[in-house]
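Subject: Structure for your review

Dear colleague,

Please find the structure below, together with its sequence. My findings follow, arranged by topic.

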Amino acid sequence: MISRLHNTALAAFLCLLPILAGAQEQSRVDALLDRLAEPDLRNWQVVEDEIVMLWSRSGSASADYLLERGRAALADGDLSAAYNHFTALTDHAPEFAEGWNARATLFFEMQHFGPSIADIGRVLAIEPRHFGALTGLGFMLEDMGEMDHALAAFQAAQAIHPHREEINEAVARVTRALNGAAL
């Protein structure tokens, strides 16, 4: 009886390990995002790299493999393979924000803004502080002439990540365009 109880307790504990690890990683991401928002942060690239690395871990070896294969296919210009990997990933792990972000990036590269924006919606529902998704959204909205919405997306990204020059330049560029349009 004690052995069975011991085995049950051990099994329950082992089942909780992935949940505890995920909570610990989320806590680490939260702390890193807080640091990234600090205006005087000197080593922001290191902090950004760690955030991206943590966001790229799904907790599933097969999901991580699909992300890796999709990214490699995208880098090689094999858009069909990238689409197949990323779609399998979003089907397999629908709560993994980086899977949706990777597919949104693919759609962005293909100039398919509607599907990209839809996938960014999924990313932001899971991880509202995803500065990369917000930046990509801003670029698409700017390209579509939706300058007010583009500015809002860029400013949201900038509030999370005030160090990336492309975000700061986009805020300045869209602000100038809006101010020029108002004249």
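F113 has a relative accessibility of 11% and therefore counts as buried, the cut-off being under 20%. Please bear in mind throughout that this is a predicted model.

Aromatic pairs

A search of the whole structure returned four aromatic pairs. One of them joins Y83 and F107 in a tilted arrangement, with 6.0 Å from centre to centre and 55° between the planes. This pair links distant parts of the chain, since Y83 belongs to helix α4 (residues 79-92) and F107 to helix α5 (residues 97-109), 24 residues apart. Are the two partners buried or exposed? Y83 counts as partly exposed because its relative accessibility is 35%, whereas F107, at 9%, counts as buried.

The rings of F108 and F113 form a pair that is stacked, because their planes meet at 15° with the centres 6.0 Å apart; planes under 30 degrees apart count as stacked.

Overall architecture

The protein chain has nine helices and zero strands. Of its 183 residues, 36% count as buried. Among contacts with a separation of 6 or more, 49% are between residues 24 or more positions apart. The accessible surface of the protein chain comes to about 10400 Å², and carbon and sulfur atoms account for 58% of that area.

Nonpolar cores

The largest nonpolar core has 34 residues, and those with the most contacts inside it are L33, L36, I51, I120 and F131. Two or more residues each come from α1 (2-36), α2 (44-55), α5, α6 (113-126), α7 (131-143), α8 (147-160) and α9 (165-182). Which element gives the most to this core? It is α8, with seven residues. Apart from this core lies another, of eleven residues, including A63, L66, A73 and A93.

F131 deserves a separate entry. Leaving aside residues up to four places away in sequence, F131 touches L33, L36, E48, I51, W55, A157, I160 and H161.

Helix α8 has 14 residues and reaches 20 Å from its first C-alpha to its last, close to the 20 Å expected at 1.5 Å a residue. Buried in α8 are M147, A150, L151, A153, F154, A157 and I160. Two of these residues, A157 and I160, are also touched by F131.

A backbone detail

Q111 lies in the loop between α5 and α6. Although Q111 is not a glycine, it has a positive phi of about 65°.

Yours sincerely

Definitions and conventions: Residues numbered from 1 in each chain as written. Predicted model: local features only at pLDDT ≥ 70, side-chain atom pairs only at ≥ 80, totals over all residues. Heavy atoms only, no water. Phe/Tyr/Trp six-rings, centres within 6.5 Å; stacked < 30°, edge-to-face > 60°. Helix = DSSP H or I, 4+ residues; strand = E, 2+ residues; numbered from the N terminus. Buried < 20%, exposed > 50% of the residue type's maximum accessible area, 1.4 Å probe, protein only. Core = buried A, V, L, I, M, F, W, Y, C linked by side-chain atoms within 4.5 Å. Contact = heavy atoms within 4.5 Å. Areas by Shrake-Rupley, 256 points an atom, 1.4 Å probe, with all protein chains shown as cover. Expected span 1.5 Å × (residues − 1).
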